[in-house]
Amino acid sequence: MPSRAELLRELRLRVGDAAVLDAPPAELLTDQRGLYQGAVAAVVAPQSTAQVASLLAYCHEQRISVVPQGGNTGYCGGATPDASGSQLLLLLSGLKAIRAVDPDNYSLTAEAGCILATIKQAAAAAQRYFPLALGSEGSCQLGGNLSTNAGGLNVLRYGMTRDLVLGLEVVLADGRVLDTLRALRKDNTGYDIKSLFIGAEGTLGVITAATLKLLPQPLASATAFVAIPSPAQAVALLARLRAVSGERVASFELIPRIAIELTTRLIAGVADPLDDSSPWYLLVELTSSAADEQLNACLDQALEAAMNAGEISNASVAQNERQRSDFWRLRESIPAAQRRAGASLKHDVSLPITALPRFVAVASAWVAQHVPEGYLVAYGHVGDGNLHFNITASGAGEALLRRQAEIKRVIHDLVHEMHGSFSAEHGIGQLKLEELERYTDPVELELMRTLKQAFDPRGILNPGKVLRNAK
Ligand SMILES: Cc1cc2nc3c(=O)[nH]c(=O)nc-3n(C[C@H](O)[C@H](O)[C@H](O)COP(=O)(O)OP(=O)(O)OC[C@H]3O[C@@H](n4cnc5c(N)ncnc54)[C@H](O)[C@@H]3O)c2cc1C
């Protein structure tokens, strides 16, 4: 390891003075949820793939660990350096060019530091649609979305980030550049190497650019806020809607009564969309790229049939854009309202959708009986089986947080028994190392370690994230 002065000199030579930050702002050294606090030897903000390659070649030679950071909105501490003060924090925000938009090929190539909202705007400017939709889209970056394989609000229809990728440009641990930026739908040429970097959280390479799939823009939509007695009716309604509207179901979000109470109380401008109270709700949206498609009629019909079958107790279909955005504002305010309400234990789980009602029933009963220190706020992208099964306490919640390990174990064991995942869309980072070891198939885990060793033999890429450091 070079001295700090030598390190800074070498970094400045490679990327220029302005790209090396002497005193990093504190917010770069802590994670979104404030769970981890790190320290660094230096922070660099390269402006090009060539600069990232030059930096990694040097770090590889000197065995300096590198932590890539995008928008720092990740929920698992993946972009936070450790406390040693020996790591290099690599900011990707300088790589922010949209390199190409090809509307006829329905593809777009962008650099890793592009903000997600900017990519969506660039696609829209070409009358195309990039469907990845997250509450953090104004600050998260493409490289972070790819590295966490982000999910979000549209997975039911369009898939996870992985499903939206055609090609990647990645700088490997030793500084070589892998270029698979091919805008092809069909490309069966051996192992799908690019796929390994998606969801790898910066542990196998640093993504510098990607070629993304674009889709036709949704031009018609129909949105409803629906009251249901229990999550079992969510499963029934989703099946019914898919039967009548096929792939037009774009979002299907489960919301508990408590989330309505928290958002209307703690977030300005949020109102309860229905006049009577119900234990559970759904926010349902159908979209179509055919402007003249009568989606409201289709949704009305399905809701009426569901009402007659006793599956839903009330519903409001948005009559204009204002009402639609009010529904979405409520949904998107849940994480902020929860933060304002107090400390939370978060469980980002997924299950086969048919197992969700039983999971919610069993896990909720366990929480009600065994966790008097908190109350349940379980909501999520239930159309794709994803539930944020969170337990919130009033205020700092010390008593609840003290029991974190024990509670997490019970909930994740139950998820595992029901063939679900303990990490649906937020990844592993440094938060879920233990769970990965406990629940992952041992052969799969062994293959992950083999891949890490093959891609990063000196262990310099985001060490201690996803996999524990080798002893
Ligand atoms: C309000 C809010 C709502 C959210 N909603 C959702 C949601 O609905 N669905 C969802 O999936 N997530 C959601 N998230 C979590 C978060 O926004 C996503 O995980 C996002 O993809 C992270 O992107 P980022 O640029 O902030 O990455 P960071 O947090 O900066 O990094 C995440 C990981 O990727 C690595 N990384 C970053 N850039 C690169 C790169 N170029 N090359 C290699 N590795 C890299 C980092 O080292 C780290 O391990 C939400 C977060 C917030 C705050």
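The views below show a predicted model.

**View 1. Arg358 in helix α11.** Arg358 belongs to helix α11, which covers residues 356-370. Because 14 other C-beta atoms lie within 10 Å, Arg358 is partly exposed. Met418 is 60 residues away from Arg358 along the chain, and the C-alpha atoms of the two are 9.2 Å apart.

**View 2. The shell around the ligand.** The ligand has 37 residues around it, and those that come nearest are Gly70, Gly74, Gly78, Gly143 and Gly144. Two or more shell residues are given by each of β3 (66-69), α4 (142-148) and β10 (206-213). Helix α4 supplies the largest share, 5 residues. By residue class, the shell holds 22 polar, 12 nonpolar and 3 charged residues.

**View 3. Domains 2 and 3.** The protein chain is divided into domain 1 (4-91), domain 2 (98-216), domain 3 (218-333) and domain 4 (342-432 + 439-453). Between the C-alpha centres of domain 2 and domain 3 the distance is 29 Å. Contacts between these two domains involve 7 residues of domain 2 and 8 residues of domain 3. On the domain 2 side that touches domain 3, 4 residues are nonpolar, 2 are polar and 1 is charged.

**View 4. Val226 in the largest nonpolar core.** The largest nonpolar core comprises 129 residues. Val226 is among those with the most contacts inside this core, together with Val44, Leu90 and Leu282. Leaving aside residues up to four places away in sequence, Val226 touches Tyr281, Leu282, Val284, Leu303, Ile312 and Ala315. In soluble globular proteins, nonpolar side chains tend to be buried together.

**View 5. The buried residues of helix α8.** Helix α8 consists of residues 257-266, and its buried residues are Ala259, Ile260, Leu262 and Thr263. An α-helix has 3.6 residues a turn, so residues three or four places apart point the same way. The buried residues of α8 pack against β13 (249-256), α10 (321-341) and β18 (375-379).

View 6. Strand β18, one of the elements that the buried residues of α8 pack against, pairs with β19 (residues 386-392) in the antiparallel sense over 5 bridges. Tyr379 has His388 of β19 as its bridge partner. The two strands form a hairpin with 6 residues between them. Gly380, in the turn, has a positive phi of about 155 degrees.

Technical notes:
Residues numbered from 1 in each chain as written. Predicted model: local features only at pLDDT ≥ 70, side-chain atom pairs only at ≥ 80, totals over all residues. Core = buried A, V, L, I, M, F, W, Y, C linked by C-beta atoms within 7 Å. Buried ≥ 20, exposed ≤ 12 C-beta atoms within 10 Å, placed from the backbone. Near = placed C-beta within 6 Å. Helix = DSSP H or I, 4+ residues; strand = E, 2+ residues; numbered from the N terminus. Nonpolar A, V, L, I, M, F, W, Y, C, P; charged D, E, K, R; others polar. Domains from an automatic or database assignment. Pairing = 2+ DSSP bridges.
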